[in-house]
Amino acid sequence: MRTLTTSYDDGIHEVGKIYDIGLNDGRGYIEVTYLGTKQMYGKPMMVFQTEDDEQLIVNQSYLTHTVTHNKGE
């Protein structure tokens, strides 16, 4: 289990793990792989890869939920 901290850069998502994510406009994406973050116009963006090898870039303020898949563990 992960220990909770007060750091603003806690790294909630793990690179290479598979997640289901939901956005605040009601859209959802199932089984996307988290690749990390990148800067876009000075803001950190979360980068995911879909099953179709398409890149999905999400502004962190639009993310409403994530569900972790524990495949193969």
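Methionine 40 is partly exposed, with a relative accessible area of 35% (buried means under 20% relative accessible area, exposed over 50%, and partly exposed in between, with a 1.4 Å probe and protein chains only). This is a predicted model, in which local features need pLDDT of at least 70 and side-chain atom pairs count only at pLDDT 80 or more, while totals for chains, interfaces and linings use all residues. Residues are numbered from 1 along each chain as its sequence is written, and side-chain values use heavy atoms, with hydrogens and water left out.

Methionine 40 belongs to strand E2 (helices, H or I, of at least four residues and strands, E, of at least two are DSSP runs, numbered from the N terminus). Its C-alpha atom is 9.2 Å from that of asparagine 59, a residue 19 places away along the chain. Together with Tyr41 and Ile57, Met40 forms a nonpolar patch on the surface, and the accessible area of the three is about 370 Å². Patches are made of residues with over 30% relative accessible area and no salt bridge, where like charges are joined within 9 Å and nonpolar side chains (Val, Leu, Ile, Met, Phe, Trp, Tyr) within 5 Å. Accessible areas come from the Shrake-Rupley method with a 1.4 Å probe, and for residues only the protein chains shown count as cover.

Tyrosine 41 sits in the loop between E2 and strand E3 (43-49). Tyrosine 41 counts as exposed because its relative accessible area is 84%.

## The chain as a whole

The chain has zero helices and five strands, and its elements run β-β-β-β-β from the N terminus on. Of its 73 residues, 26% count as buried. The accessible surface of the chain comes to about 5,600 Å², and carbon and sulfur atoms hold 49% of it.

Contact here means heavy atoms within 4.5 Å. Among contacts between residues at least 6 apart in sequence, 34% join residues at least 24 apart.

E2 and E3 pair in the antiparallel sense over seven bridges (two strands pair if DSSP finds at least two bridges between them). Methionine 40 has lysine 43 in E3 as its bridge partner. The hairpin of E2 and E3 has two residues between the strands, and tyrosine 41 takes a positive phi near 55° there.

Glycine 36 is also placed in strand E2. Glycine 36 counts as buried because its relative accessible area is 9%. Not counting residues up to four places away in sequence, glycine 36 touches Val15, Met45, Met46 and Val47. The C-alpha atoms of glycine 36 and histidine 13, which are 23 residues apart along the chain, are separated by 8.1 Å.

Strand E1 is mostly covered, with five of its six residues buried. Four bridges join E1 to E2 (residues 28-40) in an antiparallel arrangement. In this pairing isoleucine 21 stands opposite tyrosine 29, and glycine 22 stands opposite glycine 28. Five bridges join E1 to strand E5 (residues 63-68), and these strands also run antiparallel. Here tyrosine 19 stands opposite threonine 68.

Aspartate 20 lies in E1 (residues 18-23). Aspartate 20 is buried, its relative accessible area being 19%. The side chain of aspartate 20 makes a polar contact with the side chain of histidine 69, at 2.7 Å. A polar contact is a pair of N or O atoms within 3.5 Å; within protein, one must be able to donate a hydrogen and the other to accept it, and residues adjacent in sequence count only if both atoms are side-chain atoms. Leaving aside neighbours within four places in sequence, the residues in contact with aspartate 20 include Tyr29, Ile30 and Glu31, as well as His65, Thr66, Val67 and His69.

E1 and E2 form a hairpin with four residues between them, and glycine 26 in the turn has a positive phi of about 95°.

Side chains of opposite charge can pair when their charged atoms come close. Arginine 27 forms a salt bridge with aspartate 25, with the closest N and O atoms 3.5 Å apart. A salt bridge is a side-chain nitrogen of Lys or Arg within 4 Å of a carboxyl oxygen of Asp or Glu, and by this rule the count comes to one. Arginine 27 counts as exposed, at 53% relative accessibility.
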